[in-house]
Amino acid sequence: MTTTTHRSVCPHDCPDCCGLLVDVDAGRVTAVRGDPEHGFTRGVLCPKVSHYERTVYAPGRVLTPLLRRGKKGEGQFAPIGWDEAVARIVERWRAIVDDAGGEAILPVSYAGTMGLIQRNATHALFHKLGASRLGRGICTPAQDAGWKQVMGETPGPDPDEVVASDLVILWGIDALATNLHFLNLVKEARRRGAHVVLIDTWRQPTAALVDQVVLVRPGTDGALALGMLAVLAADGLIDRSFVAAHVDVDGFAALERTALADHAPALAAGRTGIGAAVIAELARRYARARAPFIRVGGGPFRAANGAAALRAMLALPAAVGAWGKKGAGLLASTGTGGAVDLAPFVREDLLPKPTRTVSLNQLGHALTTLDDPRVLSIYVSHCNPANVCPDQGAVLRGLARDDLFTVVHERFLTDTARYADVVLPAPTMLETADLYRSYGQFWLQRTRPVIAPLGQSRSNWDTARALAVALDFTDEVFQRTADEHIDALLAVPSPWRAQEDRAALDAGTPTRLRPPRGRWLTPTGRIRISPSQDLPAFVPAAADAVDEETRRRYPLRLHPAPALHRLNSSFGERADAADRPLQPRPSLRVHPSEAAARGLVDGESVIAENQLGETRAQLLATADVPPGVAVAVGVSTLAEAGGPTVNVLMSPHLTDHGQGSTFSDNRCQLRRAD
Ligand code: SF4
């Protein structure tokens with residue numbers, strides 16, 4: 001048998017965006033490994049995606065269109081052909097548009113695949129239909145908004161340069177689970193002598209790989225940043241020449257005054273739970289470092305004060321002049337959006353008139369309560385809202401509505417697909433063409449199908465085109481193949497790609513993007529500490545701004561954390577190896593004192609509850625979690641949880657800016673399951 005090896009890219013919602021080498025024998029994928037020539041992957045894959053061939057050929061793959069036979073949620077289906085599936089969908093949508101208007105249809109897609117073509121494949125179709133728009137704000141909109149307010153369109157620093165840092169602060173990020181390749185660079189920096197600090201709500205797995213762990217009370221990261229700034233100001237550790245040259249000087253002076261008056265270490269200690277001496281020592285270490293590098297994760301910003309927290313953190317590198325030094329800065333996202341202009345593909349201009357936007361974070365409300373018009377059909381692709389959305393109870397009640405026509409385009413019979421009227425089979429990334437850029441590094445890569453689509457599966461783009469044709473949409477955007485769209489997108493020049501070798505890119509070689517450097521891409525050309533005279537401030541999280549009765553009933557701050565072997569609900573389907581805990585029992589970790597206070601013992605079944613609902617989990621008592629906090633690692637399926645998952649406890653409340661989710665900003669109580 002002859003083995004051929006092909007390049008591809010990991011499509012998952014992960015900043016590393018790994019380059020893959022895929023071995024194929026007789027049309028079948030036999031191995032998937034990291035591309036050693038990819039400048040960020042360097043030949044290493046995380047445990048989720050190594051052996052990806054087991055995902056491709058997992059027994060649960062949906063390989064034909066399916067029509068619901070049982071009740072919604074039961075997962076009973078019969079196979080049908082594509083022609084019948086498309087005809088049923090189009091007939092129903094035409095009737096809905098005639099009766100209630102296009103806004104009664106809602107596309108629900110998110111980050112199940114990050115390829116620019118397949119991720120954005122349905123936008124033009126739903127714009128043309130005049131459908132409601134989806135606010136895709138589950139992940140980092142507050143972080144993005146906070147960055148934009150201070151840094152404008154300025155790209156993030158180069159993660160590769162962290163090896164030159166002498167102080168790395170990992171702030172609210174379990175890099176072992178979510179940013180493995182960056183962590184490998186941090187390890188190299190540590191080998192070269194860097195001091196590595198982890199700031200987080202609990203002693204998560206990355207804690208074993210750092211020099212210092214600082215545990216911060218949930219929702220108070222901004223208070224810690226401002227407390228550090230107060231120390232810098234009081235101790236004369238501000239880099240005055242950097243501030244004068246690069247920062248909004250008046251705003252910075254006002255922030256300094258505020259920090260000294262309102263955020264002194266003793267005050268910050270009361271808010272954060274970190275000793276004043278620790279805050280002062282951390283601030284002084286930060287100021288004296290030659291090249292301090294802060295890498296933030298998403299958790300601190302999925303709170304009602306998320307954007308405010310990032311703005312406070314962004315005052316730190318401005319204060320010590322970290323920007324511009326090799327190996328220094330603050331990385332939230334590399335911000336590579338300017339590399340490829342998607343406007344000709346997503347075609348906003350096809351909207352016949354402005355339509356409403358429905359937040360994915362409030363999908364439960366949209367499906368159960370929203371009116372004028374009521375949502376009568378959803379089209380779900382590369383997203384599992386039954387599982388990943390907040391206020392899961394409302395989402396499940398909505399999905400169970402008999403009058404809701406639900407189409408799900410997926411690779412597996414997810415929790416959402418089990419509620420579908422029609423399921424369409426989707427391919428993996430190895431069966432499609434795409435173009436990938438990352439939010440955690442600076443590489444661009446084009447992919448082609450490595451194998452033929454399994455069964456009758458069709459890509460997101462090919463499916464959107466088939467529906468557009470059946471709806472008699474004749475716009476040119478629907479005439480092109482995925483490859484033709486990629487060619488057209490790459491034909492538009494971008495300063496990020498000024499030096500690209502187009503032939504190499506077309507051949508699948510990872511291509512380095514060159515971010516614009518040397519100036520602050522803000523309206524004033526300076527780092528904006530106080531846009532619109534609005535200073536960074538500490539704002540309590542929503543879960544801390546509740547009344548005494550709510551605190552008493554739900555005393556634990558609930559903290560969701562990433563899993564090593566799962567990405568949200570993805571990879572749960574790979575029940576294929578006994579040595580991989582792919583289908584874990586849902587668990588909640590609390591400090592032993594919290595377990596003892598409730599008469600609970602390590603390992604027993606508990607119910608976690610709050611005002612939104614309740615879920616069952618195994619209690620793990622561990623000193624890794626401080627008192628007052630309950631940590632839920634990963635997201636289980638409904639079947640694994642035996643009912644609603646931890647997301648039934650998550651509020652649909654939105655962040656201060658960006659309409660983001662507030663998964664890190666909730667409370668709960670525990671009781672014995674029986
Ligand atoms: S999930 Fe992330 S680390 Fe794992 S292979 Fe994909 S891009 Fe790489």
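1. First, the ground rules. This is a predicted model, in which local features need pLDDT of at least 70, side-chain atom pairs count only at pLDDT 80 or more, and totals for chains, interfaces and linings use all residues. Residues are numbered from 1 along each chain as its sequence is written, and side-chain values use heavy atoms, with hydrogens and water left out.

2. Where does the ligand sit? The ligand is in the largest cavity. A cavity here is a set of points, on a 1 Å grid over the protein atoms alone, where a 1.4 Å probe fits but cannot get out; a molecule sits in one if more than half of its atoms lie within 2 Å of the grid points.

3. Around the ligand you will find Cys10, Cys14, Asp16, Cys17, Cys18, Leu45, Cys46, Val49 and His181, each with a heavy atom within 4 Å of the molecule. By class, this shell has 7 nonpolar, 1 polar and 1 charged residues. The classes put Ala, Val, Leu, Ile, Met, Phe, Trp, Tyr, Cys and Pro as nonpolar, Asp, Glu, Lys and Arg as charged, and the others, Gly among them, as polar.

4. The largest nonpolar core has 58 residues, of which Trp171, Leu232, Leu330 and Ile527 touch the most other members. Helix H13 (residues 306–320) gives the most to this core, with 10 residues. A second, separate core of 51 residues includes Val62, Leu363, Leu556 and Cys668. A core means buried Ala, Val, Leu, Ile, Met, Phe, Trp, Tyr and Cys residues joined through side-chain atoms within 4.5 Å, where buried is under 20% relative accessible area, exposed is over 50% and partly exposed is in between (1.4 Å probe, protein chains only).

5. Do look at Ile527. Leaving aside neighbours within four places in sequence, Ile527 is in contact (heavy atoms within 4.5 Å) with Val150, Met151, Phe242, His246, Val247, Asp248, Ala318, Trp323 and Trp520.

6. Which peptide bond is cis? The bond from Asp372 to Pro373 is, with omega near -5°. Pro373 is in the loop between helix H15 (363–368) and strand S14 (377–381); helices (H or I, at least four residues) and strands (E, at least two) are DSSP runs, numbered from the N terminus.

7. Ser377 belongs to strand S14. With a relative accessible area of 0%, Ser377 is buried, and beyond four places in sequence it touches Trp93, Ile96, Ala104, Ile105, Leu106, Leu404 and Phe405.

8. Two residues other than glycine have positive phi values worth a glance. Arg347, with phi of about 50°, is in the loop between helix H14 (343–346) and strand S13 (357–359). Gln659, with phi near 60°, lies in the loop between helix H23 (638–641) and strand S25 (666–672); at 52% relative accessibility, Gln659 counts as exposed.

9. The C-alpha atoms of Gly73 and Ala417 are separated by 8.1 Å, although the two are 344 residues apart along the chain. Gly73 lies in the loop between strand S4 (66–68) and strand S5 (77–79), is partly exposed at 24%, and has contacts beyond four places in sequence with Arg418 and Tyr419.

10. Last, a charged residue inside a helix. Glu256 lies in helix H10 (residues 249–262) and counts as buried, at 12% relative accessibility. Outside four places in sequence, Glu256 touches Ala233, Ile238 and Arg240.

Note on methods
1 Å grid on protein atoms, 1.4 Å probe; cavity = no way out; pocket = protein on both sides within 12 Å on 5 of 7 lines; lining within 4 Å.
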